[in-house]
Amino acid sequence: MESRFCVLSDTEDLRALISHTENNLHIERSKTLFEEIRASINNNEEEDRSFWRPVLPWGGVFTIKAGRKAISCTPLYVKINLKNTCTIDGFLVILYVILRDNQGFPRELAVFLGKHFVEYFLRLMDSCDYTTAKMLWIWDRMSRRQYRSEIRKAALEIDLFGNEHDNFTENLENLMATMQESLCTSCSCPARFREFIKTTIDISPPHELPLRDPIQSAADEFSCPKLLHCSELGCDGLREISQRAFCHGPPPFVILNMQQWKSEELSYVPYHLALCQHRYLLEGATLFNKEEHHYSAAFHIEGCWMHYDGLRSDNLILLHKPPELLLLSSLVYVRAADK
């Protein structure tokens, strides 16, 4: 029996299909999504009012018109169902707000993620084409090993269940890459000079909570120079490790992985953060509901904080106090303007 489903197996074919949808994106809007959110805050007389419509709802259904390689397929449209997209949703909302709120950041991010990706992502979010924005991230930034896909009821199902740092932070290329150089004091050391490069920023909670800000203390520990016993086999020298520095200059934003931290260690979250000799300002956070295994996000805009949760009907609301019963998964800081 001839299959009625067009099997999409080649990544380049998928990207070509999503490019096809780009050519058909001619949605006229008087305001972008960012302008609408900002206007809703400035014109809001009822402080507890939520944004007037859903933003980036959980999941999604994406329909692709079959191309010439799939001319024999019937029907001529392929349906893709997205599941458990909260592992990218919160970060996509924060990324959009950061890029629209900081004029030079899209150009800087394009160096790492590509000009086409950044421009297309912003246009999709501006026009509220949320499912296509998710597909763009999945096909352009994620590898096949990072998600599960299977055919269900003549549709392709893509399941993003997992960890948001695996599905988002790990796919920012070398945007946040940092390096430390080390030199062993022993001339006979088999690896006297070494470089240590990290592409993400995973700060560990201090063994003993300091009197001052624990997050800043952990950031200082992450980047400070050190003197350690050399770990090379047969070497009894000391290894001098330099101050950590960004490999490509200070990025427009940084994401701190906070999954190792307990609630009692986070009584204070700093608005200002010094990291690798550069200043950053708190812009957002992602939050984890352990009971539902679900991620949501909060971000700063127009002097207010908003909470985004793609599972809720009113999924974007003004935030008057920290959400209860949620664990902090990450903190997002933007680079402070030079003075």
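This is a predicted model: local features need pLDDT of at least 70, side-chain atom pairs count only at pLDDT 80 or more; totals for chains, interfaces and linings use all residues.
1. Start with the angle classes. Angles under 35 degrees count as roughly parallel, over 145 as roughly antiparallel, 65 to 115 as roughly perpendicular and the rest as oblique. Axes are lines fitted to C-alpha atoms, for helices over the stretch in contact, and angles run from 0 to 180 degrees between N-to-C directions.

2. Residues are numbered from 1 along each chain as its sequence is written, and side-chain values use heavy atoms, with hydrogens and water left out.

3. Helix pair α4 and α5. The axes of α4 (residues 105–113) and α5 (residues 115–126) come within 7 Å. They cross at roughly 130 degrees, so the two helices are oblique to each other. Pro106, Leu109, Ala110 and Leu113 in α4 meet Lys115, Phe117, Val118 and Leu122 in α5 (contact means heavy atoms within 4.5 Å). By class, this contact has seven nonpolar, no polar and one charged residues. Here Ala, Val, Leu, Ile, Met, Phe, Trp, Tyr, Cys and Pro count as nonpolar, Asp, Glu, Lys and Arg as charged, and the others, Gly among them, as polar.

4. Overall make-up. The protein has eight helices and 17 strands. Helices (H or I, at least four residues) and strands (E, at least two) are DSSP runs, numbered from the N terminus. Of the 339 residues, 49% are buried (under 20% relative accessible area, with exposed over 50% and partly exposed in between; 1.4 Å probe, protein chains only). Among contacts with a separation of 6 or more, 68% join residues 24 or more positions apart.

5. Core. The largest nonpolar core has 82 residues. Such a core is a set of buried Ala, Val, Leu, Ile, Met, Phe, Trp, Tyr and Cys residues joined through side-chain atoms within 4.5 Å. Phe121, Ile138, Ile158, Leu256 and Leu275 have the most contacts inside this core. Leaving aside neighbours within four places in sequence, Leu275 touches Ile201, Ala219, Phe222, Phe246, Val254 and Tyr280.

6. Five bridges join β3 (residues 148–152) to β4 (residues 155–159), and the strands run antiparallel. Strands pair if DSSP finds at least two bridges between them. Glutamate 150 stands opposite glutamate 157 in β4. Two residues lie between the strands, and lysine 153 takes a positive phi near 50 degrees.

7. Threonine 32. This residue lies in the loop between α1 (11–23) and α2 (33–42). Its C-alpha atom is separated by 8.3 Å from that of cysteine 128, 96 residues apart along the chain.
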